[in-house]
Amino acid sequence: MAMAAPTHLLHPMHSLTSPLKSQNNHPKLKSSSSSTSIITCKLRAAVVGGGPAGSSAAEALAASGIETFLFERNRPCTAKPCGGAIPLCMLDEFSIPAHLIDRRVTKMKIISPSNLSVDFGKTLQSHEFIPMLRREVLDDFLRRRAASQGATLIQGLVTNVEVPLMSSSPYIVHYNMNNVQKSVAVDVVIGADGANSKVAKSIKAGDYTCAIAFQERIKLPDDRMSYYEDLAEMYVGSDVSPDFYAWVFPKYDHVAVGTGTVCSKKDLKLFQRGVRERARSKIQGGRVIKVEAHPIPEHPRPIRVRGRVALVGDAAGYVTKCSGEGIYFAAKSGRMCGEAIVNASEGGERMINEEDLKREYLKKWDEKYLTTFRFLDLLQRVFYGSNGAREALVELCGNEYVQKMTFDSYLYKKLATGNPWEDVKMVMNTIGSLVRCEIIARGTQNLDSRALPQL
């Protein structure tokens, strides 16, 4: 992809035979007796990763006049394995056009280890649904929109981010574009490059536990695809995942069938066979058209801001436990980070620092979402630990009050206002279901173990 190089783009790495003088003599900085650096032209930003997080960050920066470079490796044949469900509020909040929606899911079935099936969606209003999209379609749209706001889209693989020795010097982003090594100097970097983030490694942001998601896209015969017209399925059980759930989600002309796990990654294909077996009667005759696998973070990184570098989306670890939701939180974190940089730099007129990013981005993010992430972490610990607990989860999902509270919170990303008496009943029912289902599960296991010697 041929692009006109702005004057501040550095030459390819092979021509940089001497130390980077521009790194020690930033052309944009002036001496100042105050603690705040004054810059002679607009702030420059690099956003590494062109998914929902990176594109939303780049759009917020570019729309405010900050010179922005959005890096995305050119990989048209691959996409992150993702169920593709987004909350309804995201359509308006991020101006997602209706034509990007593959399916409008109004029915959700949750199937327990014993194949007890519960319809989860009875409380949805006539205008409410779960939008289902393909990530490659959504991501492309968001990248193009960021470019339309003025972001420079660079289709290249970022290989390293060089951290400056002096706080006033630029970061150097090294990347490979059309098999040529190139570099660009910037004032601030946003890492939106996923679980294996090179940006995170460059600032020594620490490691985190990752799940592995595995997904097959299966094209079904028309009569079987009609079953999934507006229906999504979730399966729980040790046969499909020891610590998560499996899914069959409808797309444009196929279904996404997948699962994930943290604690037993070596058995991932075994769990995938498990979900295919559980859904066999409904996906029989289907043809696999794509296979995908990818790491999914299980909790935030130890460090999400260091210097003038901030992490967003999967790179920061913003994927919820229990539900595995990440698209909305990726886009939201990217936008919040971009807006934080705009505010802290006064529209790109002053240099920012680590404290600015922590105050304007990290603190606000944690205040808004940290409690939600912790609560869903607790739910996963409670309900995904055994088949008895999973049976209890499915049993509880049959309660319409539980469904209403769940969908009100999920669809609109706001704390649902409940009825205090119903909340007490829900807690008591939860405890009762957990105790009852655990006893039944243990009894079943004991019967199975006694029967084994006779087989």
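Ring pairs join Phe94, Tyr318, Tyr328, Phe329, Trp365, Tyr369 and Phe373 into a cluster; rings of Phe, Tyr and Trp (its six-membered ring) pair if their centres lie within 6.5 Å, and planes under 30 degrees apart count as stacked, over 60 as edge-to-face and the rest as tilted. The structure is a predicted model, in which local features need pLDDT of at least 70 and side-chain atom pairs count only at pLDDT 80 or more, while totals for chains, interfaces and linings use all residues. Residues are numbered from 1 along each chain as its sequence is written, and side-chain values use heavy atoms, with hydrogens and water left out.

The confidence of the predictor in each residue is given by pLDDT, from 0 to 100. The chain averages a pLDDT of 85, and 80% of the residues score at least 70.

In total, the structure holds 15 aromatic pairs. The rings of phenylalanine 244 and tyrosine 384 have centres 6.4 Å apart and planes at 85°, so this pair is edge-to-face. Phenylalanine 244 lies in the loop between S16 and S17, and tyrosine 384 in the loop between helix H11 (354-383) and helix H12 (387-397), 140 residues apart. Helices (H or I, at least four residues) and strands (E, at least two) are DSSP runs, numbered from the N terminus. Phenylalanine 244 counts as buried at 14% relative accessibility, and tyrosine 384 does at 4%; buried means under 20% relative accessible area, exposed over 50%, and partly exposed in between (1.4 Å probe, protein chains only).

Within the cluster, what about the charges? The charged end of arginine 335 sits over the ring of phenylalanine 94, 4.0 Å from its centre, and lysine 413 lies over the face of tyrosine 328, at 5.7 Å from the ring centre. For this, NZ of Lys or CZ of Arg must be within 6 Å of the ring centre and within 35 degrees of the ring normal.

Turning to the strands, an open sheet of seven has the order S8-S7-S16-S17-S18-S15-S19, with mixed pairing; two strands pair if DSSP finds at least two bridges between them. Strand S16 (residues 231-235) runs antiparallel to strand S17 (residues 246-250), with three bridges joining them, and glutamate 233 stands opposite valine 248 in S17. Strand S7 (residues 107-111) pairs with S16 in the parallel sense over five bridges. Five of the five residues of S16 are buried, so this strand is largely enclosed by the rest of the structure.
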